[in-house]
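Here are some notes to read alongside the model, written as a colleague might jot them down. Have a look at the structure, then go through the points in order.

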Amino acid sequence: MSRTAGRTTASVGVASTCVLLASVLWGTTGTAATFAPDVGPLAVGAVAMGLGGLLQALLAARSIRREAPLLHAQRGVVLLGALAVAAYPPAFYSSMHLAGVTTGTVVSIGSAPLASALIERVVDGHRLTPRWIMGAVLGLSGTVLLCVAEATVGAHSGPGARSAGSTVLGVALGLTAGLTYALYSWAAHRLIGRGLTSGAAMGTVFGIGGLLLVPVLLATGAPLLDSWSAAAVGAYMALVPMFLGYVLFGWGLARVQASTATTLTLLEPAVAAVLAVLVVGERLPRAGWAGVALIVGCLAVLTVPSRGSAGRRAAGPRRPLPPVDEDSGVDEDVDRHVDADVDLDVPGPCPAPAGERARAEGH
């Protein structure tokens, strides 16, 4: 393998690892929310995504100011992404509240890859490759098994039982969360592909989304101040899964397709299920553990680069990499010469950045 191919494989591996680490952090949110039982799902979602989004915007403030003209030119995509960010947490946390931590997470995250692939197919014309289809089938089969296992447990009488209507409404909200998750992932990837840095794209989309969530937080967030434990949960949700998690996700999203990133985040429901068993005390039958195993298989299919694919891409023409945000604190030296057209054999090539504006400014 050539030196360029080696760097390419390493860059994709690091990007995938960033997305997987973000997924692990996100997988802790449902369990963390159980430590503040008096705080409603709307308040939990608003403090997590709202404050986390505003922190992202603050971190990327210099890049946002510098790239304001390009952001204005892409204002339609920015607005779509921000609206999706604002809609996601109420749907996601309400889904977990109504259908259970495992079911809510599984439906929300498990439906996102299909929604993301559909968006890329319809809007961008990307094809669905056999490797992505294989990974998606494994991952979605695993999420279905997890969901069925959780529904079976929740159907029994007892303090943890839920009504059928509550579960159905929770599943419907989970599907809504999956769609909005796919939309803001696609919007951020689209902005990065148009020449914006990952920091500016994610900071703007999540910053505006966070502003839209401030009224929800003001209306529902009083219980967060009733106890130290509730305040600690709110601070953890905003700083760790949402702020740090989405910084990692944004860096990875600059180097892999949105459909790949959302499929890699199928690790989140597996983490949520394990934590729900170990910490919350939910019970997971054998079918649920089989679902976890299938999700791990999905991740293996998507993250292990094929030797033939790496060789073909190394031999092909090189295109400029989407610019890296100098404010993100990530070392750019290795990635500066990496081929951008590497996406783990998933739908279509990453759109080339528009123009050489970022290069001229020293990115």
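**Notes on the model**

1. Please keep in mind that this is a predicted model. The secondary structure comes to 16 helices and zero strands. Of the 363 residues, 55% count as buried. Among contacts between residues at least 6 apart in sequence, 89% join residues at least 24 apart. The protein exposes about 14500 Å², with carbon and sulfur atoms supplying 70% of that area.

2. Now to the core. The largest nonpolar core holds 82 residues, and those that touch the most other members are M49, Y88, Y184, Y246 and F249. Helix 6 gives the largest share of this core, ten residues.

3. Aromatic pairs are worth a visit too: a search of the whole structure finds 13 of them. In one of these, Y88 and Y184 sit edge-to-face, with 5.7 Å from centre to centre and 85° between the planes. This pair links distant parts of the chain, as Y88 belongs to helix 6 (residues 75-99) and Y184 to helix 9 (residues 164-193), 96 residues apart. Both Y88 and Y184 are buried.

4. A second pair to display is Y246 with F249. Their ring centres are 6.0 Å apart and their planes meet at 85°, an angle over 60 degrees, so this pair is edge-to-face. Y246 and F249 are each buried.

5. Which residues form one aromatic cluster? The members are W26, Y88, F92, Y93, Y181, Y184, F206, Y246 and F249.

6. Just after the helix, G125 takes a positive phi of about 75°.

7. How many of the 24 residues of helix 7 are buried? The count is 18, so the helix is largely enclosed by the rest of the structure. S116 lies in this helix. With a relative accessible area of 1%, which is under 20%, S116 counts as buried. Leaving aside neighbours within four places in sequence, S116 is in contact with A182, A258, S259 and T262.

8. Finally, is I208 buried or partly exposed? This residue of helix 10 (residues 198-220) has a relative accessible area of 33%, so I208 is partly exposed. Not counting residues up to four places away in sequence, I208 touches V78 and A82. The C-alpha atoms of I208 and V78 are separated by 8.7 Å, although the two residues are 130 residues apart along the chain.

Conventions
Residues are numbered from 1 along each chain as its sequence is written. This is a predicted model: local features need pLDDT of at least 70, side-chain atom pairs count only at pLDDT 80 or more; totals for chains, interfaces and linings use all residues. Side-chain values use heavy atoms; hydrogens and water are left out. Rings of Phe, Tyr and Trp (its six-membered ring) pair if their centres lie within 6.5 Å; planes under 30 degrees apart count as stacked, over 60 as edge-to-face and the rest as tilted. Helices (H or I, at least four residues) and strands (E, at least two) are DSSP runs, numbered from the N terminus. Buried means under 20% relative accessible area, exposed over 50%, partly exposed in between (1.4 Å probe, protein chains only). Contact means heavy atoms within 4.5 Å. Accessible areas come from the Shrake-Rupley method with a 1.4 Å probe; for residues, only the protein chains shown count as cover. A nonpolar core is a set of buried Ala, Val, Leu, Ile, Met, Phe, Trp, Tyr and Cys residues joined through side-chain atoms within 4.5 Å.
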